[in-house]
Amino acid sequence: FAATSATDVPLGQSAGTADDLFETQRGYFHPALSLSEVYTDNLFNTKNNTETEYITTITPALWLSFPGQLQPAEPVVTDTTAAGGQLLANFGKKDDRPFQAFLSYEAGIKRHKNFSSEDLTTHKLHGLVRGTLTSGLSLDVNNVYIKSHDAYATYNTSTQNKYTTNLIALKSSIPVGERFKLRLDFSNFLVDYDDLADRDRSDNTVSGYLFYALSQKTKLFGQVDYVDVSYDTNTSNDNTQQRYFLGVDYAISGKVQMLARIGYNTKDRNGTLSTLEEFVYELQSDYQFTPKNDLVVQFWRKVKETDTPGTNGIIGSSLSATFSQQLGQRIVTSAQIGWLNDEYSGSSRDDDYLTLSLALSYSMQKWFKISGGYNYVQRDSSDNSLDYDSNGLFLNLTGRL
């Protein structure tokens, strides 16, 4: 029921881990299995002639670590509309161990009650190798492979636009004195759609950072990105982008985390298209009021690649807040509200999304959890024929070791 294909993971947040389940054990092998049942009153996200549906999803998953760890690798979230592949900044976790490797895989086996033609299986594979020397020099290599689909009605169609993406990202950090650190990144992001050749592309990104440690918990940084976006067939949308940021990475006492940056994004487009220049910004914050409640806020403005024919880019803006509250030892409630705006360059189209989610989870055992809730999505477009709203109910059973 997401408004876009992105599944943003807020700063300091990740899926449940073995650390939540076996606090005193370490292991190399961590399997999981989830069964979910979803009801929706608008399967294809259409304005009229809506279809109700029940969807059953089985999600087997496994992550491996060497040396053995309780906590998996920090997630790397990719999005097909993000130039370079990653919609949000991800600085990762500080790790002074000399070597760490992770490998995780999960599949989503979806089966529909009334529309069996929509059945499919999604896949996600993530590998990470990290090495750190005693001098502080470090190298991270991430590879994220995803086989999935866009949300219905993304491409002005009511079909599942299936795609395969692969991100390989290299990150190297070099300490300079006691307070400065240099970082150089390179990434390649491939997008391959089954039936939409005009969206297939390859992005190459080079980034440079300079960090200054204002204190042990606060780092200021400057960032410069160069992104080359090359489409396989739709070469009129080829472009190069330069992004310049100033920002702060802040954490204190494990209660407050914040990553904020503001910058300027230029996009030089192929052919006769004019250069696009936009101010961009990003705020990710995670505030834990008490050990039992937490508030996560995301606020950003980005230059994105288009997902619709006849347009040559998207200026995207988003604001979301998620609050969670633990009730006793076993029950957790959460509420999320979000707003997203997509303004299409080269077109008069302008879409606003409103999302709402309410959830309740109960840990029956340390290794087994049941959760359920309600989702709502509304799209209000300048093209009235693209308006829709969707209501959904879900129930999940999850076991994890």
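Biologist: Let's start with Phe211: is Phe211 buried or exposed?

Modeller: Bear in mind that this is a predicted model. Buried means under 20% relative accessible area. Phe211 comes out at 4% relative accessibility, so Phe211 counts as buried.

Biologist: How do the rings of Phe211 and Phe221 sit, stacked, edge-to-face or tilted?

Modeller: Phe221 is buried as well, with a relative accessible area of 4%. The ring centres of Phe211 and Phe221 are 5.7 Å apart. Planes under 30 degrees apart count as stacked and over 60 as edge-to-face. With the planes of Phe211 and Phe221 at 40 degrees, the pair is tilted.

Biologist: And what about Tyr163 and Tyr193, how many residues apart are they?

Modeller: Their ring centres are 5.5 Å apart with planes at 55 degrees, so that pair is tilted. Tyr163 is in strand S6 (residues 162-176) and Tyr193 in strand S7, which puts the two 30 residues apart.

Biologist: Which residue forms a salt bridge with Arg301?

Modeller: The closest N and O atoms of that bridge are 3.0 Å apart, and Arg301's partner is Glu278. Arg301 lies in strand S13 (residues 293-304) and its partner in strand S12, so parts 23 residues apart in sequence are tied together.

Biologist: Of Asp249 and Lys219, which one is partly exposed?

Modeller: Their side chains meet in a salt bridge at 3.8 Å, N to O. Asp249 has a relative accessible area of 16%, so Asp249 is buried. At 26%, the partly exposed one is Lys219.

Biologist: Last one: which residues gather in the patch of negative charge on the surface?

Modeller: Asp194 belongs there, and Asp194 counts as partly exposed at 44% relative accessibility. Asp194 is placed in the loop between strand S7 (180-193) and strand S8 (201-213). The patch is made up of Asp192, Asp194, Asp195 and Asp232.

Technical notes
Residues are numbered from 1 along each chain as its sequence is written. This is a predicted model: local features need pLDDT of at least 70, side-chain atom pairs count only at pLDDT 80 or more; totals for chains, interfaces and linings use all residues. Side-chain values use heavy atoms; hydrogens and water are left out. Patches are made of residues with over 30% relative accessible area and no salt bridge: like charges are joined within 9 Å, nonpolar side chains (Val, Leu, Ile, Met, Phe, Trp, Tyr) within 5 Å. Accessible areas come from the Shrake-Rupley method with a 1.4 Å probe; for residues, only the protein chains shown count as cover. A salt bridge is a side-chain nitrogen of Lys or Arg within 4 Å of a carboxyl oxygen of Asp or Glu. Lys and Arg count as positive and Asp and Glu as negative; His and the chain ends are not counted. The place of a charge is taken as NZ of Lys, CZ of Arg, CG of Asp or CD of Glu. Helices (H or I, at least four residues) and strands (E, at least two) are DSSP runs, numbered from the N terminus. Buried means under 20% relative accessible area, exposed over 50%, partly exposed in between (1.4 Å probe, protein chains only). Rings of Phe, Tyr and Trp (its six-membered ring) pair if their centres lie within 6.5 Å; planes under 30 degrees apart count as stacked, over 60 as edge-to-face and the rest as tilted.
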